[in-house]
Amino acid sequence: MGIWRYIVSDYQAAKRNDPAIPDGFRGFLEVLLCTPGFLAITAHRGIHWLHSTLHIPVLPRLISLFVRWWTGIEIHPAANIGEGFFIDHGAGVVIGETTIVGRNVTLYQGVTLGGTGNEKCHKRHPTLGDNVFVGSGAKILGPIIVGSNSRIGANSVVLKNVPENATVTGMRARIIKVDGRPVSGSSAGISPEELFTRILRLEEELYYLRREFRRCKGEAVEETAEIPADVEISVEHKQGGKL
């Protein structure tokens, strides 16, 4: 009866989270026959039982390959997934062997719950708490923990633990909200890499503006294709608003 309870909760999650599914018998058929996420997780419930309860070798992996071909979603037979699981669209979703997923978790297409390749222990994949939302293309890598009620933005790369009730975004993922409130400016602002890039661009622009200014004044200007190596970032204070 446990598996059936999970399947019913997965069906209800699909109905609840996909606005394209109509009500009535037509909606029932669309979830049952035309929703890749529901098909993949339903198949996984049986595959996981064969793998983890009956300890049947090879066959669960073989069946999971057919499911991947059928739905575009790859879930390792050993992955432990809670009830109410929903994958929207689903293409390109990968869930690794030691992944643990809580209840009522939602994933969008292109999500990877994988490893970094540097793990030295058995637990190589992430653990997601309850009610976690993961946007399209996000990569959650390594044996990290994503706290319950957290939201992972699209295309984020998460390599560190995420606290509960947090919102995470960015290619180099950082926490921007906790409990619905923005975090401190140092964490919510741009990353050091982005700041460094902006400073370099401003430095380059300042160099060329100064060179053009000297040319307009009739001073000799050395024609160089690149900024000299000895140019340093500086802030000059002038009086009267003139250079």
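**Figure 1. Pairing of V178 with R181 at strand β16 in the predicted model.** The bridge partner of V178 in β16 is R181. The structure shown here and in the following views is a predicted model. Strand β15, residues 174-178, and strand β16 run antiparallel and are joined by 2 bridges.

**Figure 2. The open sheet of 7 strands, with mixed pairing.** The strand order is β3-β6-β9-β12-β14-β15-β16. Strands β3 (86-87) and β16 (181-182) form the edges, and each of them pairs on one side only.

**Figure 3. The open sheet of 4 strands, with parallel pairing.** Here the strands follow the order β2-β5-β8-β11. Because β2 (80-81) and β11 (145-146) each have a single partner strand, one side of each of these edge strands is left without a neighbour in the sheet. Within the sheet, strand β5 (residues 100-101) pairs with strand β8 (residues 127-128) in the parallel sense, over 2 bridges. V101 has L128 as its bridge partner in β8. In general, the strands of a sheet pair through backbone hydrogen bonds, in either a parallel or an antiparallel arrangement.

**Figure 4. Packing of helix α1 against helix α2.** Two packed helices are described by the angle between their axes and by the distance between the axes. For α1 (residues 2-17) and α2 (residues 24-34), the angle is about 115° and the axes lie 11 Å apart. Helix α1 is therefore roughly perpendicular to α2, the range for this class being 65 to 115 degrees. The crossing of α1 and α2 is right-handed.

**Figure 5. An aromatic cluster of Y11, F25, F28 and F38.** These four residues, Y11, F25, F28 and F38, belong to one aromatic cluster. Across the whole structure, a search finds 5 aromatic pairs.

**Figure 6. The edge-to-face pair of Y207 and Y208.** A pair of aromatic rings is described by the distance of the centres and the angle of the planes. The rings of Y207 and Y208 are 5.2 Å apart, centre to centre, with 70° between their planes. Y207 has a relative accessible area of 16% and is therefore buried, the cut-off for this class being under 20%. Y208, at 28% relative accessibility, counts as partly exposed.

**Figure 7. R151 over the face of F133.** The view shows R151 at 4.4 Å from the ring centre of F133, lying over the face of that ring.

Notes
Residues numbered from 1 in each chain as written. Predicted model: local features only at pLDDT ≥ 70, side-chain atom pairs only at ≥ 80, totals over all residues. Heavy atoms only, no water. Pairing = 2+ DSSP bridges. Phe/Tyr/Trp six-rings, centres within 6.5 Å; stacked < 30°, edge-to-face > 60°. Buried < 20%, exposed > 50% of the residue type's maximum accessible area, 1.4 Å probe, protein only. Lys NZ or Arg CZ within 6 Å of the ring centre and 35° of its normal. Axes fitted to C-alpha atoms, helices over the stretch in contact; angles between N-to-C directions. Parallel < 35°, antiparallel > 145°, perpendicular 65-115°, else oblique. Left-handed = near helix turned anticlockwise from the far one by under 90°.
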